[in-house]
Amino acid sequence: MFPEVTLTTPTREDIQRMAEWLNDPDVNAVWYGVGDDGKPLHTSYIPEAVLAGGSDEWDQVFDDDNRTIFSVYSSEREHIGEGQLAVEWPLLEARIDLLIGRKDLWHHHFGTSALIGLLDHAFGPLGLHRVWVDVPEYNEPGMQMAQHVGFVMEGRLRKTHRKNDEWFDSTVLGLLADEYPRRRARLMETAVT
Amino acid sequence: MPVITINGPIGCGAVTIGQMVAEQMKLNFVDRLFFTEAARIVGTPVGTLIAKEQRVDRFRDRLGRFVQTMLERSAMSGVSGEPYFGRGIENLPPETYMDLTGEGSGVAQKLDDKTFIEAMKKVANDLHQQGNAVIIGRGANQILADASHTLHVGLLAPMEVRVQTLMDREHFEREEAEIHVEELERAREDFIYKFWKVRPNEAWHYHMMLNMGKMNPKIAAEVICHAAGDLTS
């Protein structure tokens, strides 16, 4: 069985924790690394900047029709990570970014559960047609997780992902709305047995 | 700057072999990404393009569309009566009957052919210009038929091999896999014929054809890498 997780609207405390997680070298090493200023990189917002800003800055990030950001919570109501859906409405597709910040929970399928939650939201309420992920070569667990959930390798591009002044290959994996139900059902079957 | 196109019926191993070749030769690997890039150019969901390639017009689908259209027309004109074959059928315009023969406006027709093919050409030509890529299917071998430094590989495999591949990969039951293989191959042939007026399994469209019933993917990848070596010299 996969662990139970909940996707919720982020709070300021969640974003404070995100800042702490991203500053952990073990965490940012599997994420986007650090920028030229030595600060950890993140997608779509800088936690410290959002926390320092007012409600306008907050709303700009967390009330955006083109990007849905969720906090990931465990069944013990502990904040464990963050998931994002960056939506391109004309194409009816979204890119998923998912980070489990709690290192002690890595490799325990919390990422898989959160990914299923994000896909359910993308193909359900949002009515999207395609969801994709871009996995750099150094994130082997992320690659395995996406394939395990049923993402299809759509392409592999050489030296497209820069981290800490080094270029890495990245793999684009996609999942279409009509592929998802069968693969989700299969995944749940294997999780039960 | 080699570009390698690999084409074959579903389940013949083109994706596996393509990944191996890309890995060995340190090339970009482009499979469905071809369509997602084309979709981005056109500004339409990728499913619209996939439907163009994999359009399988089963009789029951055509009948379903026919009935649905008829009911919609009937509702619009305020005609009531027997829900399936009642009054209103005589008022249907001829294109509704064309739907029934597979020539009408299905999902795949929502994107006009010219826009579709122009987007496909742009993606293929951009990839060729950048070089260093393995491209799986999507008529890339036709678009780049006479392009320089390009190797076109065709694959064949017996039905049994293709069915088994699909059963393993998609967890289909045998009967379901057989139907899928047959229908998608028919759709592939129709797609290639419609846009390039050629049959995809004819050998003269390729530098070489490999029978995947007679060799494993690893050997096939080595053969392709060896042949592609000439393109880099």
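**View 1. Strands S2 and S3 of chain B pair in the parallel sense.** Strand S2 (residues 28-30) and strand S3 (residues 133-136) of chain B are joined over three bridges. Val30(B) has Ile135(B) as its bridge partner in S3(B). Strands count as paired if DSSP finds at least two bridges between them; strands (E, at least two residues) and helices (H or I, at least four) are DSSP runs numbered from the N terminus. This is a predicted model, in which local features need pLDDT of at least 70 and side-chain atom pairs count only at pLDDT 80 or more, while totals for chains, interfaces and linings use all residues. Residues are numbered from 1 along each chain as its sequence is written, chains are lettered from A and ligands numbered from 1 in the order in which they are written, and side-chain values use heavy atoms, with hydrogens and water left out.

**View 2. An open sheet of 12 strands with mixed pairing.** The strand order is S1(A)-S2(A)-S3(A)-S4(A)-S5(A)-S7(A)-S6(A)-S2(B)-S3(B)-S1(B)-S4(B)-S5(B). At the edges, strand S1 (5-8) of chain A and strand S5 (208-211) of chain B each pair on one side only. Neighbouring strands are turned by 25 degrees against each other on average, direction ignored. Angles run from 0 to 180 degrees between N-to-C directions, and axes are lines fitted to C-alpha atoms, for helices over the stretch in contact.

**View 3. Buried residues of helix H1 (residues 12-22) of chain A.** Asp14(A), Ile15(A), Met18(A), Ala19(A), Trp21(A) and Leu22(A) are buried (under 20% relative accessible area, with a 1.4 Å probe and protein chains only). They lie on the same side of H1(A) because they cover an arc of only 165 degrees around the axis, taken from the directions from the helix axis to the C-beta atoms. Among the elements covering them are helix H3 (47-52) and strand S3 (79-88) of chain A.

**View 4. Packing of helices H3 and H9 of chain B.** Helix H3 (residues 46-54) and helix H9 (residues 174-196) of chain B pack at about 95 degrees, their axes 7 Å apart. H3(B) and H9(B) are therefore roughly perpendicular (65 to 115 degrees). Lys52(B), Glu53(B) and Gln54(B) of H3(B) meet Leu184(B), Ala187(B), Arg188(B) and Phe191(B) of H9(B), contact being heavy atoms within 4.5 Å.

**View 5. Cys12(B) and Cys225(B).** The count is zero disulfides over all chains, a disulfide being a pair of cysteine sulfur atoms within 2.5 Å. For Cys12(B), the nearest cysteine sulfur is that of Cys225(B), 17 Å away. Cys12(B) is buried, at 4% relative accessible area, and Cys225(B) also counts as buried, at 13%.

Terms used
Buried < 20%, exposed > 50% of the residue type's maximum accessible area, 1.4 Å probe, protein only. Parallel < 35°, antiparallel > 145°, perpendicular 65-115°, else oblique.
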